[in-house]
Amino acid sequence: MSAPTPETAENSDRARSSLEALRTEIAKAVVGQDPAVTGLVVALLCRGHVLLEGVPGVAKTLLVRALAASLELDTKRVQFTPDLMPSDVTGSLVYDTHTSEFSFQQGPVFTNLLLADEINRTPPKTQSSLLEAMEERQVTVDGTPRPLPEPFLVAATQNPVEYEGTYPLPEAQLDRFLLKLTVPLPSREDEINVLTRHADGFNPRDLDAAGVRPVAGPADLEAARAAVVKTAVSPEIAAYVVDICRATRESPSLTLGASPRGATALLSTARAWAWLTGRDYVIPDDVKALALPTLRHRLQLRPEAEMEGVTPDSVITAILAHVPVPR
C-alpha cells in the first residue's frame, strides 16, 4: 500500500476533526447516546444502514435530525404503519392532466438520511420496498431505475418491548443493516439534564434555537471514506474476523450464525473505527469494539437457549473471550 501524500493526509486529518466535532454539536440537542452517535458516523463512513432499537421517548428521531443538521444533509421521516404502501416510500407515477403524460413523483426515500420509524409495524411488502434502495441505492418504478442521492443512509427504528401488531424483519432484510444500535434509557444524571434543558426552554423541534450548526459536510464525508478504505488490514486481522464469524456458526445456542456478508461488515466497521481513533491500520481491539453492533442482528437463537436467557450479545461476548487474538 502506497504511503499517503501530504495533501491526502491533511485532508484525512481535517475530515477526522470535523467528524469528531459532530459529537459535541449533537450533544447540544441529545444528552448522552455517544455510542449511537458514533455508530451512525461509522455507518456513514461504510455506506451502510442502521437499525436503532429503543423504547419510545429516548430521542431516536432527534438523534437522526441532529446528525443531519450537523452534517448539512437532507433528512426525511416516514412513520411506518400497517396501511403504508410501497409507493408511499419510493414514489409513484402521477398523471398530469395538462400534458396527458405520467410523471414520476419522488417518495421520501429520495433523501440523504431516511428515518424509517417503527419499520416493523408495516407489512413485509412495504418493508421490502426499502431493500432495493438499501442495497442498490436506487428505486425502480415502471421499469426505470432512479438513483438515490449520495450519501444515503436508512436509520430504521423499532420498539423492543411491544410486539403486538408488528411484522418482524426477515433475516434477509436484517442482514442488509450494517449495524444494530441499542438506544438505552438515560442515566439519572442525564435525565435530570434533559429536564433542566426543557425547563430552560429547549424545543426539540427547533434545532437552530438549540445552536446546532453544520460542522462537517459531504466533502468531509467523502474525504473520510477515501481514507477509511486505505486503512491497512493485516492477514492476521482478516483471519481473526473470519474466526469470530465461523465461531457463531458453530455455537450450540444459535440456529443461524453470521454469514460472509457479516464478516465483510465487521471488517468494514473495524476499519472505520480504527480511522476515527487516529490510526491507519486495524488492531484486534477495533474488531472487538464493533463486534456486538455489527453481528447481534445477524444471529438467530435456538428457542431453548432463548428460554434460558441467552442473548445474541452474550453469545458474541463469549466467542470474543475464546477466539485466539492475533499478536
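In which strand does Asp-117 lie? Asp-117 belongs to strand E5, which spans residues 113–117. This is a predicted model, in which local features need pLDDT of at least 70 and side-chain atom pairs count only at pLDDT 80 or more, while totals for chains, interfaces and linings use all residues. Residues are numbered from 1 along each chain as its sequence is written, and side-chain values use heavy atoms, with hydrogens and water left out.

**View 1. The surroundings of Asp-117.** With a relative accessible area of 8%, Asp-117 is buried (under 20% relative accessible area, with a 1.4 Å probe and protein chains only). Apart from its neighbours within four places in sequence, Asp-117 is in contact with Thr-61, Arg-77, Val-78, Gln-79, Phe-80 and Thr-157, where contact means heavy atoms within 4.5 Å.

**View 2. Ala-291 in helix H12.** Helix H12, a DSSP run of H or I with at least four residues, covers residues 284–295 and includes Ala-291, which is buried at 0% relative accessibility. Beyond its neighbours within four places in sequence, Ala-291 is in contact with Leu-266, Arg-296, Ile-316 and Leu-320.

**View 3. The crossing of H12 and H14.** The axes of H12 and helix H14 (residues 312–322) come within 10 Å and cross at roughly 150 degrees, the axes being lines fitted to C-alpha atoms over the stretch in contact, with angles from 0 to 180 degrees between N-to-C directions. The two helices, H12 and H14, are therefore roughly antiparallel to each other (angles over 145 degrees). The contact is made by Lys-288, Ala-291, Leu-292 and Leu-295 of H12, together with Asp-313, Ile-316, Thr-317 and Leu-320 of H14.

Terms used
Buried means under 20% relative accessible area, exposed over 50%, partly exposed in between (1.4 Å probe, protein chains only). Angles under 35 degrees count as roughly parallel, over 145 as roughly antiparallel, 65 to 115 as roughly perpendicular and the rest as oblique.
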